[in-house]
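Here is a short briefing to read alongside the model. Please keep the structure open as you go through the points.

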Amino acid sequence: MQFLTFLNDISPFFGRFHPLFVHLPIGFVLMAYLMELASRFKKYTYLKNSVLFVLWIGGISGILTAITGYILAQSGGYGKEAIFWHQWSGVGVTI
């Protein structure tokens with residue numbers, strides 16, 4: 001029972017990281033796109049090997065962002081309809 005109380009106390013702390021993490025997946029996907037474009041030029045063909053790795057990091061950071069967003073939503077203070085669309089848009093983008 002004490003552990004559940006601890007989780008309730010600490011979860012808002014982790015949820016507050018959501019606005020920070022939300023830009024990570026965007027940056028990684030954009031970086032992968034730019035690396036893919038650059039790899040089409042002979043001088044930058046070596047970038048092609050790293051694109052998949054960057055996309056994996058983007059996916060993992062997207063999952064982390066979705067988890068922290070869910071935790072933040074559970075802490076309350078947000079409208080249910082706004083949370084519904086925001087949550088499912090985030091899940092869709094992460095997938």
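In what follows, two residues are in contact when they have heavy atoms within 4.5 Å. The model is predicted.

**T65 and its surroundings**
- T65 sits in helix α4.
- Setting aside neighbours within four places in sequence, T65 is in contact with H18, F21, V22 and P25.
- A polar atom of the T65 side chain lies 2.9 Å from the backbone oxygen of F21.
- T65 counts as buried because its relative accessible area is 6%, and buried means under 20%.

**The largest pocket**
- The largest pocket holds about 620 Å³ of space.
- Its lining is made up of 26 residues, and T65 is among those nearest the centre, along with H18, V22, G90 and T94.
- Helix α4 supplies the largest share of this lining, with 11 residues.
- At least two lining residues come from each of α3, α4 and α5 (80–94).
- By type, the lining of the largest pocket has 14 nonpolar residues, 12 polar and no charged.

**The largest nonpolar core**
- Six residues form the largest nonpolar core: A32, M35, A38, L47, V51 and V54.
- Two or more residues of this core come from each of α3 (23–38) and α4 (51–74).
- The biggest contribution to the core is from α3, with three residues.
- M35 touches L47, S50, V51 and V54, leaving out residues up to four places away in sequence.
- As background, nonpolar side chains tend to be buried together in soluble globular proteins.

Key
Residues numbered from 1 in each chain as written. Predicted model: local features only at pLDDT ≥ 70, side-chain atom pairs only at ≥ 80, totals over all residues. Heavy atoms only, no water. Core = buried A, V, L, I, M, F, W, Y, C linked by side-chain atoms within 4.5 Å. Buried < 20%, exposed > 50% of the residue type's maximum accessible area, 1.4 Å probe, protein only. Helix = DSSP H or I, 4+ residues; strand = E, 2+ residues; numbered from the N terminus. 1 Å grid on protein atoms, 1.4 Å probe; cavity = no way out; pocket = protein on both sides within 12 Å on 5 of 7 lines; lining within 4 Å. Points joined across faces, edges and corners; volume = space filled by probe spheres on them. Nonpolar A, V, L, I, M, F, W, Y, C, P; charged D, E, K, R; others polar. Polar contact = N/O pair within 3.5 Å; in protein donor to acceptor, adjacent residues only side chain to side chain.
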